[in-house]
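The following note sets out points on helix packing, charged pairs and one further residue. Please read it alongside the sequence and the coordinates.

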Amino acid sequence: MGSWTLDDIPWERFDPAKVDPELLRIVKAASLVEQNGGDYARYLCGVFHDDAAFCAVAGAWGGEEVQHGQALGRWAMLADPGFDHADASRRFTAGFRVDLDAEHSVRGSRAGELVARCIVETGTSSYYTALGEAAAEPVLKEICRRIAADELRHYKLFYSHLKRYLAQDGIGRWRRLAVALGRIGETGDDELSYAYHAANDAASPYDRRRAAAAYARRTYSVYRRHHIERAVAMVFKAVGLEPQGRLSRWMAGLAWWGMRRRAARLERIAA
Ligand SMILES: [Fe+2]
Ligand SMILES: [Fe+2]
């Protein structure tokens with residue numbers, strides 16, 4: 001069980017005048033992706049089938065991710081009473097499913113799987129930190145603060161198991177880096193864009209490129225340079241590189257420049 005429940009959120013402080021409709025669209029999408037936590041927990045338990053301690057941890061982790069989806073979904077329904085979170089979740093899972101029956105990690109090894117989990121938690125912890133800072137609506141700010149803290153704790157959790165599995169799987173920095181880059185590259189895959197579509201544009205046919213661009217444009221707008229610096233440091237740590245070194249700072253500068261460039265291009269296309 002997580003460190004908070006939906007009852008801990010100060011729903012009565014909700015201020016409709018402070019809802020940003022652009023952020024509302026990405027919150028709706030996030031509320032659906034988080035709901036997949038239960039499916040991912042089952043997948044992880046399949047990959048780590050003879051590690052009962054890790055399976056228990058993965059189950060609890062999945063429950064926390066599902067709760068993130070419920071908190072964001074409930075907020076989105078307050079902000080837009082026409083939004084039905086349960087309905088949108090059904091649409092999303094009907095179109096996007098995680099492979100539940102895997103017995104081996106799609107990352108090639110258990111250590112590789114844990115590197116990929118660290119990358120996902122890096123992404124979510126920086127995203128909710130940035131989203132919470134960008135939001136003006138007090139309840140959304142509070143939800144993001146709690147979720148960001150959970151995601152950072154999840155990163156630390158998977159990192160601690162990664163250290164354990166590195167000793168037996170023996171994958172080096174290059175292999176870890178390849179897994180990390182592969183997982184970062186998957187950010188452009190169907191899961192996020194389909195969630196954006198299912199949450200916001202379900203009446204029109206799914207156009208992956210359009211949904212991905214619409215999602216990315218709004219998501220990029222919440223990031224600031226310090227979020228990217230922290231995310232790069234966390235990725236470096238997960239792959240076994242010095243998180244605070246010169247290479248990390250240089251990579252953060254490059255990633256920030258690339259993101260600004262892509263954001264500007266998407267803004268031009270949308271204008
Ligand atoms: Fe989450
Ligand atoms: Fe998480």
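1. Contact here means heavy atoms within 4.5 Å. On that basis, and leaving aside residues up to four places away in sequence, Arg225 touches Gly253 and Trp256. Arg225 lies in helix α10 (residues 225-239); helices are DSSP runs of H or I with at least four residues, strands are runs of E with at least two, and both are numbered from the N terminus. Between Arg225 and Ala255 there are 30 residues in sequence, and their C-alpha atoms are 9.3 Å apart in space. With a relative accessible area of 38%, Arg225 is partly exposed (buried is under 20%, exposed over 50% and partly exposed in between, with a 1.4 Å probe and protein chains only).

2. On the basis of the values: this is a predicted model, in which local features need pLDDT of at least 70 and side-chain atom pairs count only at pLDDT 80 or more, while totals for chains, interfaces and linings use all residues. Residues are numbered from 1 along each chain as its sequence is written, chains are lettered from A and ligands numbered from 1 in the order in which they are written, and side-chain values use heavy atoms, with hydrogens and water left out.

3. Helix α1 (residues 21-35) and helix α3 (residues 52-79) have axes that come within 7 Å and cross at roughly 150 degrees. Axes are lines fitted to C-alpha atoms, for helices over the stretch in contact, and angles run from 0 to 180 degrees between N-to-C directions. The two helices are therefore roughly antiparallel (over 145 degrees; under 35 is roughly parallel, 65 to 115 roughly perpendicular and the rest oblique). Their crossing is left-handed, meaning that the near helix is turned anticlockwise from the far one by less than a right angle, clockwise being right-handed.

4. The α1 side of this packing includes Leu24, Val27 and Lys28, and the α3 side includes Leu72, Trp75 and Ala76. The residues of the contact divide into 8 nonpolar, 6 polar and 3 charged. In this division Ala, Val, Leu, Ile, Met, Phe, Trp, Tyr, Cys and Pro count as nonpolar, Asp, Glu, Lys and Arg as charged, and the others, Gly among them, as polar.

5. Helices α4 and α8 (residues 190-200) pack at about 140 degrees, their axes 9 Å apart, and are therefore oblique to each other. Their crossing is right-handed. Ala88, Arg91, Phe92 and Gly95 of α4 make the contact with Glu191, Tyr194, Ala195 and Ala198 of α8. By class, the contact has 5 nonpolar, 1 polar and 2 charged residues.

6. The whole structure holds 15 salt bridges, each a side-chain nitrogen of Lys or Arg within 4 Å of a carboxyl oxygen of Asp or Glu. One of them joins Asp80 and Lys28 at 2.8 Å, N to O. This pair links distant parts of the chain, with Asp80 in the loop between α3 and α4 (85-95) and Lys28 in α1, 52 residues apart. Lys28 is buried at 8%, whereas Asp80 is partly exposed at 23%.

7. Arg90 is exposed at 52%, and Asp87 partly exposed at 35%.

8. Two further entries complete the note. Lys18 and Asp15 form a salt bridge at 3.9 Å, N to O. Glu64, Asp150 and Arg153 are linked in a network of salt bridges.
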